[in-house]
Protein chains: 2
Amino acid sequence: MGRRAKIGTALKGLMNARGHHTWSLEELHSELGSVGVRADFSSVFRAMAKLEVDGHVRRVELDDARTHFEVTTEHHDHLRCATCGEVAAVPCGPMASAIEQLEILTGFDIADHRLVLTGTCLKCQQPAPQSEQRSGATAAGGSLVGGIA
Amino acid sequence: MGRRAKIGTALKGLMNARGHHTWSLEELHSELGSVGVRADFSSVFRAMAKLEVDGHVRRVELDDARTHFEVTTEHHDHLRCATCGEVAAVPCGPMASAIEQLEILTGFDIADHRLVLTGTCLKCQQPAPQSEQRSGATAAGGSLVGGIA
DNA sequence: TTTAATGCAAACTATTTGCATCACC
DNA sequence: GGTGATGCAAATAGTTTGCATTAAA
């Protein structure tokens, strides 16, 4: 088996340490650096590919043009704040009946779905009490939905 | 204004001639060719950018890694057959209550959503009567949903 | 003449791969 | 020694831009 799985391990640790969060390869790479693990970008890429195959992470398509990853949990959808960039996980339970209706309507046998919601999070709806703005998807957040992980 | 809007016009014609369909730049480029209009890829790119700004087309993010376009109609979501690649439009009405629930649940003010469904279309659910399989998103289809355009 | 459209080539971004090397069993 | 992990560099894929040219008002 693997004799030197340092990067993969570090990546898993990193991702698990942050609660729900989605990561681009670039974010993973640079965060890894700031945790003291130097690694080539391609190594991060390959480690993530492996983690994906092994089922530890899942590929997430936001509308970012780049691939994001998240730790594998039960299926859920994503809600992104257009202001601060925070990505929250939302349960997809509320979608169930909509999907059922769509199956009837279209005759498709729907196997999977991907929902990306865009909006404004609670914090950013405030008149900015102490300038809570950010621009990357670097929030520690995800706390909005407790029943997910 | 434009003095020579040939490509843009041809593109609009092409897209309108096909009912609902989503197009990648590559598809647009090659289809344009087979309709007899030679154009550089970058010209197609720019023409589409213009059509988008002018509101004639809309950018669609499937999970394809490439950008797709569709003629602007009322907001709807997309359902892709995993077998034949056909992309159908589905009304997003059934989503309304789900989104409402999610707003309450998360506190987000949801402004927009994007839903991509994956499944098997009616044709491909059959035992393949006369081998109806394709692999690109080249269906003339979209007829499944009448109330869309 | 002025302006937008076009073609060609090249830059860019993000991802992916080839290959030699390295660490660990 | 053998196998997988890693780093470095380069290839890809898709998109986008710079620039000179062309066509129409």
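Biologist: How many residues does the contact take from chain A and from chain B?

Modeller: This is a predicted model, where local features need pLDDT of at least 70, side-chain atom pairs count only at pLDDT 80 or more, and totals for chains, interfaces and linings use all residues. Residues are numbered from 1 along each chain as written, chains are lettered from A in the order written, and side-chain values use heavy atoms, without hydrogens or water. Contact means heavy atoms within 4.5 Å. By that rule, chain A gives 36 residues and chain B gives 36 residues.

Biologist: What area is buried between chain A and chain B?

Modeller: Buried area is the accessible area (1.4 Å probe) that two parts lose on being put together, summed over both. Carbon and sulfur atoms give 67% of it here, and the area is about 3000 Å².

Biologist: Which residues of chain A lose the most area to chain B?

Modeller: Three residues together make up 23% of what the chain A side buries. They are Leu102(A), Phe108(A) and Arg114(A).

Biologist: How many salt bridges are counted between chain A and chain B?

Modeller: A salt bridge needs a side-chain nitrogen of Lys or Arg within 4 Å of a carboxyl oxygen of Asp or Glu. Between chain A and chain B the count is zero.

Biologist: Which strand of chain B pairs with β6(A)?

Modeller: Strands are DSSP runs of E, at least two residues, numbered from the N terminus. Two strands pair if DSSP finds at least two bridges between them. Here the pairing is antiparallel, over 11 bridges, and the partner is β6 (residues 109-120) of chain B.

Notes. Helices (H or I, at least four residues) and strands (E, at least two) are DSSP runs, numbered from the N terminus.
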